[in-house]
Amino acid sequence: NDTYNNLNLPMPFPDALQEFKVETSALTAQYGRLSSGVVNAVTRSGTNRTQGRVSGYFQDDALNSKLWRATTKNPFGQQRTNAQVGGPIVRDRLLYFVGYERNQSLTNVPVSISPIFVGVVPDVSLNAAGTQAVGTVEQDTAIHSIMAKVDYRRGAAHTVTPRLIVRKFNQAANGSATATNV
C-alpha cells in the first residue's frame with residue numbers, strides 16, 4: 001500500500017509475477033496501521049540468458065451456455081495475449097525484463113438511463129411505467145499493460161531495481177469509444 005493515502009499500489013499482470021504472498025489477520029508491526037491483509041508481489045527479473053515467452057487465452061461466447069432459467073445466452077468474449085522477454089545488458093550486473101499484456105473483453109451491461117435516450121441508444125426501451133429507459137449496452141473493453149524492470153547489481157548485497165508499470169484502458173459502448181489512461 002501507499003503509506004501516504006493507504007491505497008493499494010498497481011499490481012502487474014499475472015504473467016509478470018514471479019511469486020506472491022497473501023497475509024491476513026494478525027500482521028506484524030512492519031505493516032503499520034493495516035489490519036485486514038497484505039499482498040506482497042515479486043515481479044519477474046531478467047537473467048544472464050536472454051529468454052522470452054508468448055501466450056494467449058481465448059474465450060468466445062459461442063462456447064458459453066445459457067444461465068439457468070435464461071431464455072438467451074449472455075454474450076461474453078475474452079482475448080488475452082501477452083509476451084515477455086528478459087536478459088542481460090551487462091552480464092551479472094545489469095539485467096532487464098519487459099512484459100506486455102492485452103486483455104480485450106466483450107460483455108452486455110444492463111443500463112437504466114433517462115427516457116430521452118430511447119431511439120438514440122440501441123437496444124434500450126421504456127420501462128413499464130414509462131419513467132426510465134432500460135436495456136443492455138454492448139461494452140467492448142481493452143486493457144493494455146506494460147511492465148519494464150531493470151536490475152543493477154553492484155555486489156552480492158546491493159541491488160537497485162527501477163520498475164515501470166503502465167496501463168491504458170480503452171472502452172467502447174455500442175460503437176462509441178472512450179479512452180482512459182490509468
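Select D151 to begin; this residue is in strand 7, residues 133–155. Strands here are DSSP runs of E covering at least two residues, numbered from the N terminus. The structure is a predicted model, in which local features need pLDDT of at least 70, side-chain atom pairs count only at pLDDT 80 or more, and totals for chains, interfaces and linings use all residues. Residues are numbered from 1 along each chain as its sequence is written, and side-chain values use heavy atoms, with hydrogens and water left out.

A salt bridge requires a side-chain nitrogen of Lys or Arg within 4 Å of a carboxyl oxygen of Asp or Glu.

The side chains of T161 and D151 are joined by a polar contact of 2.8 Å. Such a contact is a pair of N or O atoms within 3.5 Å; within protein, one must be able to donate a hydrogen and the other to accept it, and residues adjacent in sequence count only if both atoms are side-chain atoms. Leaving aside residues up to four places away in sequence, D151 touches S45, G46, R93, L94, L95, V160 and T161, where contact means heavy atoms within 4.5 Å.

**The salt bridges**

Side chains of opposite charge can pair when their charged atoms come close. By the salt-bridge rule, the count is two.

Select R53 and D15, whose closest N and O atoms are 3.6 Å apart in a salt bridge. R53 belongs to strand 3 (residues 51–59) and D15 to the segment before strand 1 (17–24), so this pair ties together parts 38 residues apart in sequence. R53 is partly exposed at 39% relative accessibility, and D15 is partly exposed at 22%.

Move on to E101 and R80, which form a salt bridge of 3.8 Å, N to O. Because E101 lies in strand 5 (residues 94–113) and R80 in strand 4 (residues 76–90), the pair ties together parts 21 residues apart in sequence. E101 is buried, at 6% relative accessible area, whereas R80 is partly exposed, at 25%.

**Last stop: V134**

Finally, return to strand 7 and select V134. V134 is partly exposed, with 30% relative accessibility.

Technical notes:
Helices (H or I, at least four residues) and strands (E, at least two) are DSSP runs, numbered from the N terminus. Buried means under 20% relative accessible area, exposed over 50%, partly exposed in between (1.4 Å probe, protein chains only).
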